[in-house]
Protein chains: 2
Amino acid sequence: MTGFVSLVGAGPGDPDLLTLKAARRLGEADLVLYDALVSPGLLDLAPRAQRFFVGKRARKKAVAQETIHWLMVRAARRGKRVVRLKCGDPFVFGRGGEEALALARAGVPFEVVPGVSSAVAAPALAGIPVTHRGLASGFVVVSGHSEKAYAPILDFVAPHSLTVVVLMGLAQRAAIASLLMSRGWRAASTPQSETWTGTLAELASVDPGPDSESAGTLVVGEVLSVAAEIAQKISPPAAVAASHGQK
Amino acid sequence: MTGFVSLVGAGPGDPDLLTLKAARRLGEADLVLYDALVSPGLLDLAPRAQRFFVGKRARKKAVAQETIHWLMVRAARRGKRVVRLKCGDPFVFGRGGEEALALARAGVPFEVVPGVSSAVAAPALAGIPVTHRGLASGFVVVSGHSEKAYAPILDFVAPHSLTVVVLMGLAQRAAIASLLMSRGWRAASTPQSETWTGTLAELASVDPGPDSESAGTLVVGEVLSVAAEIAQKISPPAAVAASHGQK
């Protein structure tokens, strides 16, 4: 008997933004392998399951990617129903593609359960539409964890042509702001999920507080011009959920 | 007594990819205003509600955007709980930002319930990770409905620097392929949700079948090099769901 692996998107943090399918897969799971930033509330939805934390914790070595592959494959071969629970969407950063490839190569049946990505949800919950008629007819999503990841893309983005969303970009915020300004972006605002809004020039000196050095979402673009008006009136529960947004 | 409006993302089509929060809002709703491409199955989740179709149908005039605003505001002022059900995510195209602004300006309490966007889910369900280590460290999402919407953005995207996702781009597929090739993209593959994969040069002559002239998702980029291997092994229920992916 062979088990089954579900690569499941946990959404942006609020357990309420899990999909119906993801909730059902958790309820049926024998084993859940979960990342950092996955809300503890989500694990309560998997009462039958063994739960392994396989994410990165500050100052501790992360579980090797190959170990995660091995754990999934081994459990599936033993007939287990495995949920690999990933923040946001499984294929938006976070190496979900590599995990899918490893499962395909091992001949283990698997599926992908897309989730609500923070790339769109974190801005939305702060009142920022990533697209808006007359302001942005598209958006680009990059990872801010290293210059190598974002610079080749942001170097080519024409100023004010679309909305720029940077995930995991708080640690590099000064470098990102400087890069965009050198490319001709001017006076663009960049809010955090805790609704800081300002200019690129001010971004470097913002203090996002402890525990938020690398996670968090930056948004740059003309859409910020409508965000303040939307965010002011948006209902508090939704706005609060934005502070969980990670990926 | 004032009601409340929820701008709700319906996800990419499969009712199972609705969020828990969206399902609860539908269950409590007095009025649901829904778009084309929203699955009929989703409306069954709103047994108490009046349901108004406000989307576009082939050869029929669409309900004016201002009329949608007026319907939401009027119902909320009468104390109703209104769900504005939008395909995919409410802030990814589809004028959700304008609806949020209209509600804010009318002083009606509202919230945004993010949904799973087809920009990420349609590729994922076809086995395509929009990001993949070594292949794409970011992605850009554009609307393919008119050249004015996508050309200014795609003109500036450096070839092979990231994944390009075009929503509602099937009708313009020849023009989009030609634009990308003129910008230096070579031999890039473009699969549909029905898993057609080929080169940009071949894209113009593809017949996507009836009813799919304008909706549908195009994906261009290096990530296609892993997609075939993932898609081959991915479990059928997930792959089937991709054919619903719209936004």
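## The interface between chain A and chain B

Strand β6 (residues 138-143) of chain A pairs with β6(B) in the antiparallel sense over five bridges. Strands are DSSP runs of E of at least two residues, and helices are runs of H or I of at least four, numbered from the N terminus; two strands pair if DSSP finds at least two bridges between them. Within this pairing, A:Phe139 has B:Val141 of β6(B) as its bridge partner.

This is a predicted model, in which local features need pLDDT of at least 70, side-chain atom pairs count only at pLDDT 80 or more, and totals for chains, interfaces and linings use all residues. Residues are numbered from 1 along each chain as its sequence is written, chains are lettered from A and ligands numbered from 1 in the order in which they are written, and side-chain values use heavy atoms, with hydrogens and water left out.

The extent of the interface is summarised below.

| Item | Value |
|---|---|
| Residues in contact (heavy atoms within 4.5 Å), chain B | 61 residues |
| Residues in contact, chain A | 61 residues |
| Buried area, chain B and chain A | about 5,200 Å² |
| Share of that area from carbon and sulfur atoms | 66% |

Buried area is the accessible area (1.4 Å probe) that two parts lose on being put together, summed over both. B:Asp16, B:Leu20 and B:Phe91 supply 12% of the area that chain B buries against chain A, more than any other three residues.

Four salt bridges (a side-chain nitrogen of Lys or Arg within 4 Å of a carboxyl oxygen of Asp or Glu) are counted between the chains. One of them joins the side chains of B:Arg24 and A:Asp16 at 2.5 Å, N to O.
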